[in-house]
Amino acid sequence: MNEQQLDYNKTTGVSCESCKNETFRGVVFLRKLSRFVSPDGQDHVVPMESMECAKCGHINADFNPNPIVSSPKEDVSIEDKQESADS
Ligand SMILES: [Zn+2]
């Protein structure tokens, strides 16, 4: 999709879950990939781009690619247990 043709009337605003601020800035999560699980046997640091609230620094769950930080709710960990039980 070309951004210039985007109809902003069809978009919805996103606000911070914590303070309701509506401006965000880019941040980068870093994830370490151990050589023991890495396909090439080398340690890696993998960047994952996200957005944080420009006012309070909160990262909405929708923007948080980090499974550890984004799953403070108990039901998420229950979901993970169910997945591992299935396989
Ligand atoms: Zn905020």
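**Exercise 1. How many bridges join β1 to strand β2, and do the two strands run parallel or antiparallel?**

Solution. The model is predicted, and the elements must first be placed in order.

Step 1. Strand β1 covers residues 24-33, strand β2 covers residues 44-53, and helix α1 covers residues 74-86.

Step 2. Between β1 and β2 there are 10 bridges, and the strands run antiparallel.

Step 3. Individual pairs may then be located. Val 27 has Ser 50 in β2 as its bridge partner, while Arg 31 stands opposite Val 46 in β2.

**Exercise 2. Determine how many residues of β1 and of β2 are buried.**

Step 1. A residue counts as buried if 20 or more other C-beta atoms lie within 10 Å of its own.

Step 2. In β1, the number of buried residues is zero out of 10, so the strand lies largely in the open.

Step 3. In β2, one of the 10 residues is buried, and this strand is hardly covered.

Step 4. For the chain as a whole, 3% of the 87 residues count as buried.

**Exercise 3. Classify Lys 20, Glu 22 and Val 14 as buried, partly exposed or exposed.**

Solution. The position of each residue is stated before its count of neighbours.

Step 1. Lys 20 lies in the segment before β1. Because Lys 20 has 10 other C-beta atoms within 10 Å, and the limit for an exposed residue is 12 or fewer, Lys 20 is exposed.

Step 2. Glu 22 counts as exposed because it has 12 C-beta neighbours inside 10 Å.

Step 3. Val 14 is found in the segment before β1. With 13 C-beta neighbours inside 10 Å, Val 14 is partly exposed.

**Exercise 4. State which residues Glu 22 contacts when its neighbours within four places in sequence are left aside.**

Solution. Contacts are considered first, then separations.

Step 1. With those neighbours set aside, Glu 22 is in contact with Gly 13 and Ser 15.

Step 2. Glu 22 and Cys 53 are 31 residues apart along the chain, and their C-alpha atoms are separated by 7.6 Å.

Step 3. Val 14 and Phe 24 are 10 residues apart along the chain, with 9.2 Å between their C-alpha atoms.

Step 4. Over the whole chain, among contacts with a separation of 6 or more, 46% join residues 24 or more positions apart.

**Exercise 5. Describe where Asp 62 lies and whether it is buried or exposed.**

Solution. 

Step 1. Asp 62 belongs to the loop between β2 and α1.

Step 2. Asp 62 has 10 other C-beta atoms within 10 Å and is therefore exposed.

Step 3. The C-alpha atoms of Asp 62 and Met 51 are 9.5 Å apart, and the two residues are 11 apart in sequence.

**Exercise 6. Identify which residues have a pLDDT below 50.**

Solution. 

Step 1. The mean pLDDT of the chain is 81, and 71% of the residues reach 70 or more.

Step 2. Over residues 74-78 the pLDDT is below 50, and this stretch has two contacts in the model beyond near neighbours in sequence.

Step 3. Where pLDDT is low, the predicted coordinates should not be read in detail.

Terms used. Residues numbered from 1 in each chain as written. Predicted model: local features only at pLDDT ≥ 70, side-chain atom pairs only at ≥ 80, totals over all residues. pLDDT = per-residue confidence, 0-100. Contact = placed C-beta atoms within 7 Å. Helix = DSSP H or I, 4+ residues; strand = E, 2+ residues; numbered from the N terminus. Pairing = 2+ DSSP bridges.
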